[in-house]
Every structure is written in structure tokens, then in C-alpha cells.
Amino acid sequence: MKSAIRIWDIPGGIHPEEHKHESTQRGLEPAPLPKTLILPLQQHIGARAEPVVQVGDKVLKGQLLAEANGIVSCPLHAPTSGTITAIGPAPYPHASGLAELAITLEADGLDQWTTLAPISDYRTLDPAVLLEMIRQAGISGLGGAGFPTAVKLKARPEQKTQTLIINGTECEPYITADDTAMRYKAAEIVAGIEILMHILNPDQVLIGIEDNKPEAIAAMREAVGTRAMQVVVFPTKYPSGGEKQLIQILTGKEVPSGGLPADIGMVCQNIGTLLAIHDAVLLGQPLIKRITTLTGAALGRPTNVEALIGTPIIDLLQFAGLKPDQLYRLVMGGPMMGFTLQDLNAPIIKSSNCLLAGTREELPPPPPAQACIRCGLCAEACPAELLPQQLHWFALGKDYDQLKRQHLFDCIECGACSYVCPSSIPLVQYYRAAKAEIRAIELQQHRAEHSKQRFEQRQARLQREAEQKELERQARAEKAARLKAAKEAEAAQAPKQAPADTEAPAPVAKPAGLSDEQKQLKIAAATAQMAVKKANKQLAANPDNEELKAQIAELEKAALEAQAAFEAATGGAAAPPAVRAEASDKPARKPVDENLKKAKLDLAMARAAVKKLERELTATPDSDELQQQLAQARTTLQEAEKALHAAEDASPIPPPERERVEKRPVDEATRQLKTDLAMAKAAFKQAERAVKDAQEQGQDASALEAELASSRAALDQAAKAFADHMASKEKV
Amino acid sequence: MSVVLTAILVLLGLALIFGAILGYAAIRFKVEGDPIVDQINALLPQTQCGQCGHPGCRPYAEGIANGEPINKCPPGGESTIQALADLLDVEALPLDAEHGEEKPKMVAYIREAECIGCTKCIQACPVDAILGAAKQMHTVIVDECTGCDLCVEPCPVDCIDMVPLPTTPQNWKWDYPLPPQQLIATDAARGQAA
């Protein structure tokens, strides 16, 4: 059967040796259950997942281990049942060889599933619900880049998807994971495509497969049958499997520079991703396994395995008959775009489609680079129609503006240019480094802009605070001036009021006109008041004391009498002395809110009572009565606190402002000396305490005393050094 | 004679007309502010560290606009000097060692067990990247810290360290390939002679 659809060609491209047949001879094998699984929290593009389990937790297969952290992120699930043994840095399959945060899971061997919620009839569901299912299943692109699939499917919600493209190209040498999936799981893949069709409702579905996979093509055609999708076969060429290249081959349209396929109404999904979507929706299983190719001449039996995510690479290689003495370089991914792994204990992750264990003959060290001879072969090979040579020169000169102008970011890093270069220049490595550098610079600029904003906002805030303070200061000054004027006016009136009273020495601040008798009465009244207060205080400490209560009543009576006598002596014309004293005192002191003051006093008293009771209680811990009293005193304290807060809120006086003190920079030597002095002081105090304790307990303190003497000497020395230093500084 | 006079008068008239146009344009299209300062400021790293001797990046940008040397910014380093040289069309100078040397990106780290909660570092931080209150432990918001060092000096108990940002798989960068080897011995000799 010939495909009815027209196909286009992409510019450039190469035909490296395929090496695909080695790993397709044994079909699809299940990998043995590993003992330990390492599950990195970052297996996708975007934010790291956030763990929701703890060390020691027992988890079931398929249970959520870490949840997505933001929109562009992916949750993570347990690939098998077992115990969480660690959450922390662990080996990670990355070009840097650096460790990454991971959840380590010790398998219990039971492989027991958690409760799954499969959907039998997804067609009745809303596409948004299905998208959420895909998101919750932790599916990110299984082709290699690992972009979260749910995000990719709704990348441009306003744009209608015209064409859904299924990428079964797998153009890179050695890799046969998608080939194997199509051969043995074609029905599931087609079911996955139908789910996507229900979500996206595209006009057209194209399944693109290179013509070097006849078995896969036959299997897919059979599975598709009469459904509204087309299997499109096109000639083998590297890198036809790139998303933008495949779109060009199947539709003749180019994704605009810097744009997404969604911009031209396309969505492209990998075969492995479709399998995962099928499992997630129809079986309810999250993404916990994938098909991975194990190949390379250093393996005895290269094959394709269905392995759990998180399986250590060494386990898989041993399963495929690793010959350790022949292993020269282990590559994750293919020979063109993969990266060399540095740690065999790293696990496979969601995007690991191939492990290539190469011998020295197979993956020889690159020959030394020679000078560019400007032959132009690289430009002919470039599938993105860039000028690799120009990019190389600009990368060498670190001319980042020119690199951007030459569309460096349209480079898909396929490696075709390096492959054809007669001078063996590692061109892609230059582009990767330049891209990383440009991204770092852009990030830095972004951060600089951010810091600038924060700095400016802080400056504005400080200025606002300073202005506010200045306004308050002025208001206070005005108020003080007003009160002073009022006082002067009063002082001017006072001599007229009592001009005849020559005996009085007329103190400036005191209200004039009190005779000796009156003074005595006033003193008596104040004393009586004090006695009442004191008794009240005692009562607060011992609320059950009946005798005290009686006393207080008497005292209050006496105080009232004294007050009345005093008022009678001063005469009804004079204002109550308390008020007058307050009025005359005000200008001299800060404004006082009587309620606030009272609340503060009450609080202090209540606090003292609680402390006292606590002390007593430590002496006689069994006294129930004391405990009751303490509880009562505590409630009193709380009430007093509340009252104080209320009084503070009600008070017209603003709460005290903290002042910022500018500290002059202290030089290194001064600080050192200060630190020494403080330390010597502390040592001395400690020694002193030790001696005192020893003396109290009647022990021999002579050794301690010697220590005390030495620490005193050290303290003197430190003090002297510090004083000398300060003196010398002042001289300077 | 009259020809010469006519020419002079015509030129004079033209000069007056164009002068009036220019004068009007100068008022009509007057640019507010000093855009060169903004441009310079945009190139500075905004750490607000004061190592240049100015209280922040913008004052230094103003200083550069008034003819100060462009090599006083250690956090920006070579790349900032190069960018400033390109913008102002002056020669790129090596970094002035008097103001410090280019260091890898650092962030402040408070040893929290030793912090006494004095808030001095909070007041020193130019970008409000330190969180805390009086008598409460303080901590640095790593994402906001510019690594300016200003919090280290005021700390009375010296519990603030400047630590380099660790390399993680997220911020790791591919290296440039090593320069090509000299395969032909005479090339090297020629290079030296030149």
C-alpha cells in the first residue's frame, strides 16, 4: 500500500551508519525488578517536583511521590512498592555528572499496585479532564527533551490544532525503542492517538515513520486499519526525527524561528509518549516505566527492555550482558545527540530512550581538531539552514550579538555539521557552550533588572519613612510650643491670683497658693493613696486573703477622708489638685495616657504575681492550693495583657519608634580586639561563678581560684590592648 | 558688488530661517532626563555593592556619564567593562584592582545558630534580601541576594559568610572545546615571530 500523502524533503541531513539491527533481534523484554530505584525530582523541563513522602514511608506501586511544582512541572510516582530510604542528592544522568535531588526507593519485591482509576469510556469526558489526567500521570515527552506533555498539548489554547503528528521517525543511529514499541504495542499506540484526537480534535493525523522500519510500518498500518489517520513513510535521513524537520517533511510548512509548532497549528508527539497516555487513561497507570534500547558492542546481548523509571543503569547493562573490560564510553541517547555518562549508578529517567555501551573502536576519542578550511560542507549538512561556519567563528570570538543575529537558537544541536567536518571541529560543542553562555547572560540581566527594582523600591520606602518621621517630629514640636505658651499664660495669671501670699516661696512649676496646712493635708492624702495601692498589690499576690481585703477597705476609706479634708482646706474654688498637677506637669513631661499607664502597671503587677507563685511552686511543688492560685494569676495576667493592647490601640500616643543608628564601619583590628575582650570577660565571669559555686558547696576551690586569677590577667591584658589600640587610633 | 550683497543677504536669510527651525525643534523635541545614564545603568550589574566608591549603581552610572573611568565595577567584571566601552566608544581598560577583583557569583549565608537577631544586616541589605526581626533569627533569601557583601561588615557576631553559588545540573554550562592543537610545528614558530 502506497501512502497517498505527498511528502517534502528537508535541507541538509546526513546518512550515518544505522546500527539498528543489533538491538531488534530479541523483541521487547521485561527488565528484572531492581533492588533500589533512584527517582530524580527533575526528569523533565521546568521546575523540580516537590516530594510528598518522607524517609521511611512505605509506598505502593503507582503512588504519588512528588507533586508538580507549578504549571511547567511534572509529578513523580513510585515505579514499584517498597520503602523510601533517602531523599537527597543522588547520581543523575546528566552531561555534567553532578548529583541531583532524588527519592531513593528500596523495592520490597512484591510489586504491589496502589488502587488505580482506569477510564473505560474516555469519550464521554471533557478534554480538560483528560488533560488533567495526563498531567497527574506525570507524563513528559519520552522522545528526549522531556517537556511536560499536558503543557505542550495546550501550548496555544487559542490556536486550533489542524494536524496531529505522531513521531515514529527515530532517525538517530542505534536507537530502536520506538521501533520496538510500534512492532509490539501498535494497538496501544493507536488507542493513545485516539485519546489525543478526542482532546485536540485535529483535522488530520499523520504518523511519520522512516522507511528503514518495515516491520513497524506494517504493524502500525494493521493497527490503524480504517481509522482516520495516515501512516506516512519517507526516506531515511538524519535528522528527520527532529520535531521541526518532521513537520517540514510531512506538511511542507516550517515552524517560524523562535516559535512553536502550535503557532502553525501542529502538535507533534513521540511514540513513547502515546503509550504513556494510553496507560494513564485506559489503565489508570501513571508513567512509571518506559521502553529503553540497550545496545553497543560492549554488550553481549543488546536488546530493548521495558524498564521501570529509576532502575540503575548498571542493572540494565548487566541484564544485557555487559562486558566491563570492553566498555570504553557509555552514552545516554544516541551517538549523535547523546551525552557521555560518568556514573553507572545513575538511573534511567523518563527521557532515557537508549543506553549505548560503546567499545573504543565503536566510539573512538575524537580526532584532534584542525583549522577550518572554509569548505562549506557544514552549511550543506545543516537541516536548519544555518551557517555553521559563521556560528563557529562568532562563538570563538564570543560575539553573542552576532550569534543571536545568525539564529544560533534555531540550531537543534543534531551534530550533522560536526559529522561532516573534514577538520573534525567539534562544532556542536561550541554552539552548546555559546547557548549556555547567552542564557546565563540573559538570566543575569534579568536578575540585575529585578535587583534594581528592589533597590529602588527600598530607597523609596526609606525616604517615605524619613518624611513621615519628620512630619511627626514637627507635629510634636508644634504641640510642645502650644503647651508652653499655655503654661506661660497660666504663669502670668498665677501671681495675680495670689499676690498676698508672701509666705509661699512661689516655686515656678508648682501651682501657687498652698498653705502649710494644706500641704500637710495633701501629703496625708497622697500617703493614704499609696497605702491603698500597696495593699492592692499584696491582694493581687494573695487574692484569698480576707484580712487584707478588710484592710484595703479601711485604707480606702481613710484615703477618701484625707482627700476630702485636703479639698475642703483648699476650698471648692480651687480645681481638684490632681487635675491641676496634671495640667502643670504636662509641658515638662511627655504626654501621658492615664489608661495606658494603668494598663501597663496592672500588667506588670500581674506578671510579678505569676512569677512569685511560680517561685513558690518550685519550692513546694505538691501544693494544690498554690497551683490553683497560679492558674488564677495567669488568667489575670492574660486579661491584663489584653487590657494593655486595648489601651494601646485606644491611646492617642503613637507607639515608640525605633531609631536606626548609623554604625561607622569598624576596622578589622578593632573588631578582633573587641571580640577578644568580650571573650576574656566571659571567661572571667565563668571562672568567678565556678569559684563561688565551689565555695558554697564547701569544696576545695584553690585550682579554680588559680584559673580565676589567670582569666583575670587575660582580661586585663585584653582590656589594655583594646584601650591602647583605641588610643593609637585617636592619635592618628 | 550688488551680486555679493545679494548672496550675503540670501545666506543670512537662510541662516536665520534654519536657526529658527533648529531653535524651535530644540524646545519642541526636548528629551527629559539623561538617557545615557539610564543606558549605562542598564549595563551595570545592580548589586548596589558600593565597591566603585558610589552609593549604588545609578550614582556610578552618573559618574561614568561625567567622565569617570569605566573599570571600577568588580561584580560586573570584564564583560561589563567591554559593554560600557562599546556603548561609550572608549577604550576597554582592565579592571581597577583598587576596587576589588572579579569573583565568582557569591551569596550571603547566615549561620543561623549564631545569629543574635540584631537586624543590623537587614538594614544594610540594599535589596531587602534578608528576612528576620529583632531578636528573631535572620536568614538570606538566596534568590534575591546579589552577593554585594554589605551585610558582612555590620554583623556584630560575624555569623555571615559569603559562599559561592553551588553548581547544579540546572545552572551547569557546557564548556567551550579546548583550542585546537598546533599540529604543524612551523605554525607555532610563525605565531611567535609575528
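Me: Helices (H or I, at least four residues) and strands (E, at least two) are DSSP runs here, numbered from the N terminus. Where does Cys155(B) lie?
Reply: This is a predicted model. In it, Cys155(B) lies in the loop of chain B between strand S3 (139-140) and strand S4 (160-164).

Me: Is Cys155(B) buried or exposed?
Reply: Buried. Cys155(B) has 20 C-beta neighbours inside 10 Å, and a residue counts as buried at 20 or more.

Me: And what is Cys155(B) in contact with, leaving aside neighbours within four places in sequence?
Reply: Lys120(B), Cys121(B) and Ile160(B).

Me: Which residues does UniProt give as "binding site"?
Reply: The unreviewed UniProt entry puts that feature at Cys115(B), Cys118(B), Cys121(B) and Cys155(B). They are spread over 41 residues of sequence but cluster in space, with a largest C-alpha distance of 10.5 Å.

Me: Where is Cys118(B) found?
Reply: In the loop between strand S1 (106-110) and helix H5 (120-124) of chain B.

Me: Why does Cys118(B) count as partly exposed?
Reply: Because Cys118(B) has 16 C-beta neighbours inside 10 Å, and the class runs between the exposed limit of 12 or fewer and the buried limit of 20 or more.

Me: Switching to H4(B). How many residues has helix H4 of chain B, and how far does H4 reach?
Reply: Helix H4 (residues 77-88) of chain B has 12 residues. From first C-alpha to last, the reach is 17 Å, close to the 16 Å expected at 1.5 Å a residue.

Me: Which residues of H4(B) are buried?
Reply: Thr80(B), Ile81(B) and Leu84(B). Their arc around the axis is only 100 degrees, so they sit on the same side of H4(B).

Me: What covers the buried residues of H4(B), and which exposed residues are on the face turned away?
Reply: The cover includes helix H2 (35-43) and helix H3 (57-65) of chain B. The face turned away carries Glu78(B) and Asp86(B), both exposed.

Me: What follows H4(B)?
Reply: Asp89(B), with a positive phi near 55 degrees.

Me: Now the contact. How many residues come from chain A and from chain B?
Reply: Chain A gives 26 residues and chain B gives 26 residues. By class, the chain B side has 11 nonpolar, nine polar and six charged residues.

Me: What scores does the predictor give the complex?
Reply: An ipTM of 0.79 and a pTM of 0.68. Chain B averages a pLDDT of 86, and 91% of its residues score at least 70.

Key
Residues numbered from 1 in each chain as written. Chains lettered and ligands numbered in written order. Predicted model: local features only at pLDDT ≥ 70, side-chain atom pairs only at ≥ 80, totals over all residues. Contact = placed C-beta atoms within 7 Å. Nonpolar A, V, L, I, M, F, W, Y, C, P; charged D, E, K, R; others polar. UniProt positions renumbered as here; feature names shortened; annotations may be inferred. pLDDT = per-residue confidence, 0-100. Expected span 1.5 Å × (residues − 1). Arc of directions from axis to C-beta.
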